[in-house]
Amino acid sequence: MFNPTQADVRRFLCAVHAKTAAQAPMEAIETLASLWIAEHPEYHADLQDADAAVARNYDETPERSNPFLHLSMHLSVSEQCSIDQPRGIRQAVELLAHRLDSLHDAHHVAMECLGEMLWESQRSGRPPDGEAYVARVQRKATKD
């Protein structure tokens, strides 16, 4: 299993940003990351310097979101949907994207649900509940 460190993730996203600017060839995961980076121009400055990105502590600036966490969550939801794991997440996100008329907005809602599931898991000491996560996204997709 691939288990990158925080520094690995930050360097990866900075490298993708640099490759995009240089129009360099990319691997599939880099292309996917570049698409989410393009959706978030407000993060481009944070992606300019990998060493500064690795050193930065976003906990010290709570008024600013952590672009690396945000982009990583986009990648997580994308990967979950591509393999439909947990089962049903692909359909739930597709329904939500249709309801919101935006895959990007649907990802943001799914990311909130994912964050809630992880927080509940940490708080309770139990494994993450994928079924509850999918059900939460489905409720968001079908609520009036």
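This is a predicted model: local features need pLDDT of at least 70, side-chain atom pairs count only at pLDDT 80 or more; totals for chains, interfaces and linings use all residues.
Student: How do you know what span is expected for H1?
Tutor: The expected span is 1.5 Å times one less than the number of residues. H1 (residues 6–22) has 17 residues and reaches 24 Å from its first C-alpha to its last, close to the 24 Å expected.

Student: What makes the buried residues of H1 line one face?
Tutor: Let's start with who they are: Arg-10, Leu-13, Cys-14, Val-16 and His-17. Buried means under 20% relative accessible area, exposed over 50%, and partly exposed in between, with a 1.4 Å probe and protein chains only. Seen down the axis of H1, these residues fall within an arc of 150°, so they line one face of the helix. The arc is taken from the directions from the helix axis to the C-beta atoms. Their cover includes helix H2 (28–38), helix H3 (50–55) and helix H4 (67–83). Contact means heavy atoms within 4.5 Å.

Student: Why is Asp-46 called buried?
Tutor: Its relative accessibility is 10%, and the cut-off is under 20%, so Asp-46 counts as buried. Asp-46 lies in the loop between H2 and H3. Beyond its neighbours within four places in sequence, the residues in contact with Asp-46 include Cys-14, Tyr-58, Arg-64 and Phe-68.

Student: What makes the pairing of Asp-46 and Arg-64 a polar contact?
Tutor: A polar contact is a pair of N or O atoms within 3.5 Å; within protein, one must be able to donate a hydrogen and the other to accept it, and residues adjacent in sequence count only if both atoms are side-chain atoms. The side chains of Asp-46 and Arg-64 make theirs at 2.8 Å.

Student: And why does Leu-47 count as buried?
Tutor: At 1% relative accessibility, Leu-47 falls under the cut-off, so Leu-47 is buried. Leu-47 also sits in the loop between H2 and H3. Its contacts, leaving aside neighbours within four places in sequence, include Leu-13, Cys-14, His-17 and Phe-68.

Student: Which residues touch the most other members of the largest nonpolar core?
Tutor: Val-77, Val-93, Tyr-133 and Val-137 do, in a core of 19 residues. Such a core is a set of buried Ala, Val, Leu, Ile, Met, Phe, Trp, Tyr and Cys residues joined through side-chain atoms within 4.5 Å. H4, helix H5 (89–100), helix H6 (103–124) and helix H7 (130–142) each supply at least two of its residues. H6 gives the largest share, seven residues. A second, separate core of 13 residues includes Val-16, Tyr-43, Leu-71 and Leu-75.

Student: What caps the N-terminal end of H7?
Tutor: Asp-129 does, with a side-chain oxygen 3.2 Å from the backbone nitrogen of Glu-131.

Technical notes:
Residues are numbered from 1 along each chain as its sequence is written. Side-chain values use heavy atoms; hydrogens and water are left out. Helices (H or I, at least four residues) and strands (E, at least two) are DSSP runs, numbered from the N terminus.
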